[in-house]
Amino acid sequence: SSEDVQSMKCNWTNKQKVLIFSTRGVSYLARHVMKNLRALMPHTKSEPKIEIRKSFSILNEVVELRNCNKVLFFDMKKKKDLYLWMGNVPDGPTVKFLVENLHTMEELKLTGNCLKGSRPLLSFDEKFDKESHWKLIKELLTQIFGTPYHQPKSQPFVDHVLSFSIIDNKIWFRNYQIVEENGALAEIGPRFVLNLHCIFEKSFCGMLLYENPQYIAPNLKRRLAKMKASQKYKERIY
Amino acid sequence: NIEEKPKRPLINNKKALDAKYTELYLNLPWTERLDCTNAPLSSKDAEIIENNEDLADSDFKREMLFYRQAQAAVIDALPKLKKANISTKRPDDYYAQMAKSDEHMKKIREYLVNRKTDIERRE
């Protein structure tokens, strides 16, 4: 009833708003995952695709115009390499990831389901507390993916868990439904792996705070693979 | 031959990262944040992490690990949720839109049934 909504609005203190959008030329996969994320997170807004000509700093204006303070921005290069920018606007930091092993909720044959707009528990690997950059990323993930209590569009139940684990120096994202109170779970999807590239101090600008030494750019990775393959024939000739 | 430029050393500015963390940190009650940090549920899983370097390639072990971690989070969080009077289950007469549509769930069920009968037929 309207009274309930009123009381919900009064208690709503943690006003995180996340803008989810992308550049022009992202693939259908990225579009579907964005749609999935919007369905899972009631505190998000959407925005038409944008074309970036010179610098990313125009994004700050876009986000502020929509009254948001967090952003998930997808950028695709060469129609195959998907990058995810995760930022706190306007004070920073911004984290840039390469997205790997992307699967949508629709394509995975997983049996779990949850309410649209219910609040998630956030589960983090212990490795997030061991290094400064992971710790910073953990706080950013908490504020972006956690749905605020009493958010007007949210449902007042906690019926799924978003889990973030670090394996191989990458963040693995999974989404589970809480089936039973004793801890039985069923996976819902989507799935993706985030390979950390770098962290900037401000939102889409400022000083570099961290670069991942294990990050290999996808272009370089492809070139190395090609070189390795061509080596086979060189050996045969001589 | 062109001389190779010396590479810039990679940046890892711990002090600035920590400062940024304290700046970003939102000090809110747990019911607002709902974050849990935990190891996977059983001690056997901890051994898997330490001994296995190819964990990223072994699908089953990896998924099990994620499952256990999420499970540990749920078991940790449930008493706290109960205390704060937040329910994990909606009442039976509470209707609301689900994240996946009924149509989609039906397709999944059909797929699972088909696969099961396929396996039985082969045997």
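Begin by selecting V89(A), which is buried because 21 other C-beta atoms lie within 10 Å of its own; a residue is called buried if 20 or more other C-beta atoms lie within 10 Å of its own, exposed if 12 or fewer, and partly exposed in between, with the C-beta atoms placed from the backbone. Before going further, note that this is a predicted model, in which local features need pLDDT of at least 70 and side-chain atom pairs count only at pLDDT 80 or more, while totals for chains, interfaces and linings use all residues. Residues are numbered from 1 along each chain as its sequence is written, and chains are lettered from A and ligands numbered from 1 in the order in which they are written.

**Around V89(A)**

V89(A) sits in the loop between β4 (81-88) and β5 (94-103) of chain A, where helices (H or I, at least four residues) and strands (E, at least two) are DSSP runs numbered from the N terminus. Show the residues around V89(A): leaving out those up to four places away in sequence, it touches N60(A), V63(A), E64(A), C68(A), N69(A), K70(A), V71(A) and S203(A), and two residues count as in contact if their C-beta atoms, placed from the backbone, lie within 7 Å.

**Strand β3(A) and its partners**

Next select strand β3 (residues 70-77) of chain A, which is largely enclosed by the rest of the structure because six of its eight residues are buried. Strand β1 (residues 18-22) of chain A runs parallel to β3(A) and is joined to it by five bridges; two strands are said to pair if DSSP finds at least two bridges between them. To see one of these bridges, look at I20(A), whose partner in β3(A) is L72(A). β4(A) is antiparallel to β3(A), with eight bridges between them, and here V71(A) stands opposite G87(A). Follow the hairpin of β3(A) and β4(A) through the three residues between the strands, where K78(A) takes a positive phi near 60°.

Move on to strand β6 (residues 118-124) of chain A, which runs parallel to strand β7 (residues 155-167) of chain A and is joined to it by seven bridges. Between these strands the chain passes through helix α4 (residues 132-145) of chain A, and this β-α-β crossover is left-handed; a crossover would be right-handed if, with the strands pointing away from the viewer, the path from the first strand over the helix to the second ran clockwise. On the other pairing of β7(A), eight bridges link it to strand β8 (residues 170-178) of chain A, which is antiparallel to it, and H160(A) has Q177(A) as its bridge partner. β7(A) and β8(A) form a hairpin with two residues between them, and D168(A) in the turn has a positive phi of about 65°.

**Crossing to chain B**

Now colour chain B separately: it has five helices and one strand, in the order α-α-β-α-α-α from the N terminus on. Which strand of chain B pairs with β6(A)? It is β1(B), which pairs with β6(A) in the parallel sense over three bridges, and L122(A) stands opposite D35(B) there.

Taken as a whole, 52 residues of chain B are in contact with 56 residues of chain A. The largest share of the side of chain B that touches chain A, 13 residues, comes from α4(B).

Centre the view on V161(A), whose contacts beyond four places in sequence include L121(A), I178(A), A70(B) and A73(B).

As a last check, colour by pLDDT, the predictor's confidence in each residue, from 0 to 100: chain B averages 85, and 88% of its residues score at least 70.
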